[in-house]
Amino acid sequence: MSAPRIAFLASPADHARVALEALVARHGNHAPEDADVLCALGGDGFMLQTLHRHGALGRPVFGMKLGTVGFLMNHHRAEGLLERIAAAEPATLRPLEMVVQTESGTSVGSLAYNEVSLLRQTRQAAHLSIELNGRTRLEELICDGVLVASPAGSTAYNYSAHGPILPLGSGVVALTPIAPFRPRRWRGAILRADTEVVFRVLDPYKRPVSATADSHEVRDVVEVRIREARDRQVTLLFDPEHNLEERILSEQFMA
């Protein structure tokens with residue numbers, strides 16, 4: 001079998017650029033649309049950028065950690081890249097789809113591979129209602145914010161907010177409040193991935209709220225609809241000894 005055509009993509013960090021030059025000198029480089037595999041060099045933030053920019057191409061992505069956080073990345077090694085790609089184990093991710101209505105009447109859509117989060121924009125706590133599949137489940141949540149996380153993103157912001165870690169392929173998402181004040185004891189929920197979650201901002205003028213899908217922020221929102229995207233999925237490639245499912249499991253047993 002001939003070697004795969006690889007598109008190397010690197011973050012702006014100096015060490016990622018140095019690695020890029022070395023890998024391109026050895027393997028050549030192709031445009032993402034002409035490649036068989038994308039190789040992302042950076043941290044998790046750059047991996048998310050790569051998925052947002054090129055996920056629609058449907059190419060598998062092999063990441064190598066050259067950033068501060070690398071949960072979605074493999075270890076960086078210059079040698080044996082072709083053999084590693086050939087032996088890699090795939091992990092299929094389906095993003096969340098966010099549709100936002102703003103105070104000005106604008107509708108904004110975006111995808112999130114980690115999470116969609118709502119956060120208060122000022123010192124005033126956010127007042128939100130939560131609707132699941134057309135039924136109001138929480139009349140009023142007073143909080144700093146709330147998020148919906150995919151299994152891949154459940155170990156990120158969601159985990160820092162004391163949300164549950166979700167196994168890949170579980171078919172569920174996490175609904176997690178951020179610093180909730182009332183209801184005092186509500187700690188969120190685990191939902192089927194095909195659940196449509198609707199957040200409504202109850203006092204958007206006095207208590208403005210922003211919504212962020214991964215790194216895409218929309219301010220002054222009045223309504224946010226979230227559900228798993230039905231027509232988009234991406235494949236990440238991992239070294240067998242360092243696959244994503246094992247990492248998610250290991251996170252739950254860390255001292």
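Colleague: Is strand β8 (residues 126-132) largely enclosed by the rest of the structure or open, and why?

Modeller: A strand here is a DSSP run of E with at least two residues, and a helix is a run of H or I with at least four, both numbered from the N terminus. Buried means under 20% relative accessible area, exposed means over 50%, and partly exposed lies in between (1.4 Å probe, protein chains only). In β8, 7 of the 7 residues are buried, so the strand is largely enclosed by the rest of the structure. Please note that this is a predicted model, in which local features need pLDDT of at least 70 and side-chain atom pairs count only at pLDDT 80 or more, while totals for chains, interfaces and linings use all residues. Residues are numbered from 1 along each chain as its sequence is written, and side-chain values use heavy atoms, with hydrogens and water left out.

Colleague: Which residues of β8 point one way, and which the other way?

Modeller: In a regular strand the side chains alternate between the two faces of the sheet. Here Ala-126, Leu-128, Ile-130 and Leu-132 point one way, whereas His-127, Ser-129 and Glu-131 point the other way.

Colleague: How many bridges join β8 to β9?

Modeller: Two strands pair if DSSP finds at least two bridges between them. β8 and β9 run antiparallel and are joined by 6 bridges; Ala-126, for instance, has Cys-143 in β9 as its bridge partner. The hairpin of these strands has 2 residues between them, and Asn-133 takes a positive phi near 50° there. β8 also pairs with strand β12 (residues 197-201), in the antiparallel sense, over 5 bridges, and Ile-130 stands opposite Phe-199 in that strand.

Colleague: Which residues touch the most other members of the largest nonpolar core?

Modeller: In soluble globular proteins, nonpolar side chains tend to be buried together. A nonpolar core is a set of buried Ala, Val, Leu, Ile, Met, Phe, Trp, Tyr and Cys residues joined through side-chain atoms within 4.5 Å. The largest one has 31 residues, of which Val-116, Leu-118, Ile-130, Phe-199 and Val-224 touch the most other members. Strand β9 (residues 135-149) gives the most to this core, with 5 residues. Apart from it lies another core, of 23 residues, including Leu-48 and Ala-152.

Colleague: Is Asn-114 buried or exposed?

Modeller: Asn-114 has 12% relative accessibility, so it counts as buried. Its place is in the loop between β6 (107-112) and β7 (115-120). Contact means heavy atoms within 4.5 Å; not counting residues up to four places away in sequence, Asn-114 touches several residues, among them Leu-48, Ala-152 and Asp-214.
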